[in-house]
Amino acid sequence: MHKTPLARAAAAACATLSSLALTPALACDDCDCADTPATAQATTQATAQLAAADANNAPASSPAAPRSKLDLVRIQGAAPSSLPTNIPTTRETVTREDIERTINATDAEDALKYLPSLLVRKRYIGDYNHAILSSRASGTGNSARSAVYADGILLSNYLGNGVGGLSFPPRWGLVTPEEIERVDVMYGPFSAAYPGNSVGAVVDYQTRMPTKFEAHAKLGTSTQPSELYGNKATYRAWQASASVGSRDGAFSWWLNLNHTDSEGQPLTFATRLASTATTGTVGTPVTGAVAGLNNANAPWYLIGAGTQYSTTQDHLKLKLAYDISPSVRASYVLGLWRNDSDGNSVSWLRDASGNPVYKGTLDPVLKREFILIDGKQFAGPTGGDFAVTREKLQHAMHGVSVKSHSGGEWDWEVAASLYDYNKDDKRQNAATNPQPGALTGGAGTLADGSGTGWNTLAVKGIWRPAGTAHVVDLGLQQDSYKLAYLTSNITGNYLVDVPGTLANNVQGKTQLQAAYAQDAWLLSADWKAVLGLRAERWQARDGRTDFSATGTPPSISYPSRSENFLSPKAALSWQATPEMVLKASLGRAVRMPTVSELYGATSTANSQFINDPNLKPEKSWTGELSAEASWGALQSRLTLFAETTRDALYSQTSFDATANKNISRVQNIDKIGTTGLEATLAATDWGLKGLDLSGSVTYTDSKIKANAGFVVTPGDTLGKWQPNIPRWRATALAAYRFNEQWSASLAARYSGRQYRTLNNADVNGFAYMGVSKYATADLRVLWKIDKQWSAAFGIDNLNNYRYWNFHNYPQRSYSAELKFDL
């Protein structure tokens, strides 16, 4: 999986390699070097020399041509990319062939499934609001500690961090699995070309751009039988995609369409803590409540399920490219993404006649409604317990670039992108409007995020001073973010009526301006250094929160802020032997507070987010030592990593039983320290022709070292594990080619126990709101029927392991797909 097949090496060599010391430059077009006979011949020669060699100067795996010295690398692809020329850090790669052969991919993030130390918190097919990427020292609550790009366009959503009130995962839906050419993942903040959000990992998707006419179509379906808390159901999804593209002379184009219709399992559960029972006798006697233990091992009753999404998504991607000259290309990308999602809930409670119970009996003295469970009195259900949501989202992405790829002394690129929330509506019933009435109307809210979005501008240069052993990356960048989220009350029919009075309105802007330089210097045949510096100016302004139409409580306007930072980077590589490279990397990263963390105070019937306009930027020093070795078909890497983070930004969600809602607060943690060890191993045709193996093991020790804040009592977070970082995690993948038509793969993933709360009070991971360990296996069988047709069958979570990350992950799921390629 990790840099093993020759096809992957050929793609990597074609896309990124041109040795300054050994070979002439190759002018490649989008990893497809078929434009001219000369280019094709040069590529064939380079591939023969460097087959299975890593594009970032790893030792060659081909025993016939071991690399005996380091090179300076030139990336000369004409396609837009976020990648710098020389990558001073650990990198892993997944290609289109890997995905087709070994991954049951329904969403773009599935491509990362078996990479070392990575996890995407994907809960169902089409998960658009919680699929957050975690890495070595960044958990699934920290979406702003990774950077995701597609064709050089930012997909990470730095309007906020994690999930709390609003949700801020990367915009995975703007890339479909069928259009992916390759994915590169760089670990750590060691390149000056990226902002401090790269502290965890940088994910760079390269999508297809044809060199001749081609067309593709795919149909897929998935089925998940599920049983939880005694309730059984089956959830299904289906997908259809089509793409077509061509190249005619200097002009090339690509069009991709995708439709997803998905049902997810229930993700939330209405509960009543046993300790909240009262001694009253007024209430509706009910059955159906499920007794259990919560994540802190406190007894509670689960009374129903919610957040069961029925999702319809449509994706359109249009890519245009024109070669202004043999060495200059202009590119344009348009991405449209539409999401209609119905969130439903159901009560498990039944009255004496067997009818579902969505409200209690009113106590005339206390003026509150109650239910009776096992003779004990509890607060009756409300519309907050069994929420009904209706969401309609339509987002647009634009990207434009002009890029030179001459391979001469100077190359340059000018790029701009825009991500716009054209429409972002969420309708939800009020707490006072329970089912069944809430299914057809009644009071509620409309949350409108239209006008929210971000834009980026970058000017990049590559300087290769003649007669020197240097390649210098230079750049100027500006990233601007705007949050505008208006929530209105609706007293009539929340499903269709126009907005009424103001419930709350949050808005604000941030901007990051940066200049960077990075010099890759070939000190000798065996030594290479990469030195970089990034200067940043960060601004936050126009922050404002309005809480009601009358100004009671009052509106709050926040003062503008601006700060400046310098982030140095350094890396050193030594070709210790023809088979082994040793690397050391060190980098500083400054992760700025997001607009939502500063200003985004939001509240709904069942959730609330408390902002902090005085948050400090998060500052990290990260280092790693790596040994990368290759012996014929066997490749391995051992990496020691360490990170010290001060003023770590954390959003912590807890359930307030009195308010009957999840409340999230954002805060700075004074100091978090992380050390760990990551080992990978991969082999091609290992012991048996056609058998490819890969695997990884990661050990991490991540603790809170200092924190003036606390959860319950002062000091209760000191020495505790950083949330959502397991001590152990591992991946394993075996893929076997039976013949030219049939192949199969078996993969496994493991993660040890972890905590979600800062004080590690959630000792029971196997419960709603808990975070559990897991060990799952996946199966995929691919049948290439002929040159055009192929079919695949897969099973995810083959062993039907039931595991949690606040919400419950999917149980055993079956998938099938039929694909046509022309």
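This is a predicted model: local features need pLDDT of at least 70, side-chain atom pairs count only at pLDDT 80 or more; totals for chains, interfaces and linings use all residues.
**Entry 1: Asp448**

I started with Asp448, which I found in strand S23, residues 444–448. Its relative accessible area is 24%, so I put it down as partly exposed, since buried would need a value under 20%. I then listed its contacts, leaving aside neighbours within four places in sequence: Asp424, Asp425, Ala484, Tyr485 and Leu486. I also checked Ser488, which is 40 residues from Asp448 in sequence, while their C-alpha atoms are 8.3 Å apart in space. The side chain of Asp448 has a polar contact of 2.9 Å with the side chain of Ser450.

**Entry 2: backbone**

I looked at the loop between strand S22 (410–429) and S23, where Pro436 lies. The peptide bond joining Gln435 and Pro436 is cis, with omega at about 5°.

Next I noted two residues with positive phi. Thr307 is not a glycine, yet its phi is about 50°. I located Thr307 in strand S16, residues 299–325, and its relative accessible area of 23% makes it partly exposed. Asp542 is not a glycine either, and its phi is about 55°. Asp542 belongs to strand S27, residues 527–546, and is partly exposed at 42% relative accessibility.

**Entry 3: aromatic pairs**

How many aromatic pairs does a search of the whole structure find? I recorded 30. I picked out Tyr301 and Phe378, whose ring centres are 5.6 Å apart and whose planes meet at 75°, so I wrote the pair down as edge-to-face. This pair links distant parts of the chain, with Tyr301 in strand S16 and Phe378 in strand S20 (residues 376–379), 77 residues apart.

Trp742 is in strand S38 (residues 742–751) and Trp783 in strand S39 (residues 774–784), so the pair ties together parts 41 residues apart in sequence. Trp742 is partly exposed at 37%, and Trp783 is partly exposed at 34%.

I also found a cluster linked by ring pairs: Tyr229, Phe269, Trp300, Trp348, Tyr768, Trp804 and Phe806.

**Entry 4: charges over rings**

Last, I looked for charges over rings. Lys703 lies over the face of Trp721, 4.6 Å from the ring centre. The charged end of Arg753 sits over the ring of Tyr755, at 4.1 Å from its centre.

Key:
Residues are numbered from 1 along each chain as its sequence is written. Side-chain values use heavy atoms; hydrogens and water are left out. Helices (H or I, at least four residues) and strands (E, at least two) are DSSP runs, numbered from the N terminus. Buried means under 20% relative accessible area, exposed over 50%, partly exposed in between (1.4 Å probe, protein chains only). Contact means heavy atoms within 4.5 Å. A polar contact is a pair of N or O atoms within 3.5 Å; within protein, one must be able to donate a hydrogen and the other to accept it, and residues adjacent in sequence count only if both atoms are side-chain atoms. Rings of Phe, Tyr and Trp (its six-membered ring) pair if their centres lie within 6.5 Å; planes under 30 degrees apart count as stacked, over 60 as edge-to-face and the rest as tilted. A charge sits over a ring if NZ of Lys or CZ of Arg is within 6 Å of the ring centre and within 35 degrees of the ring normal.
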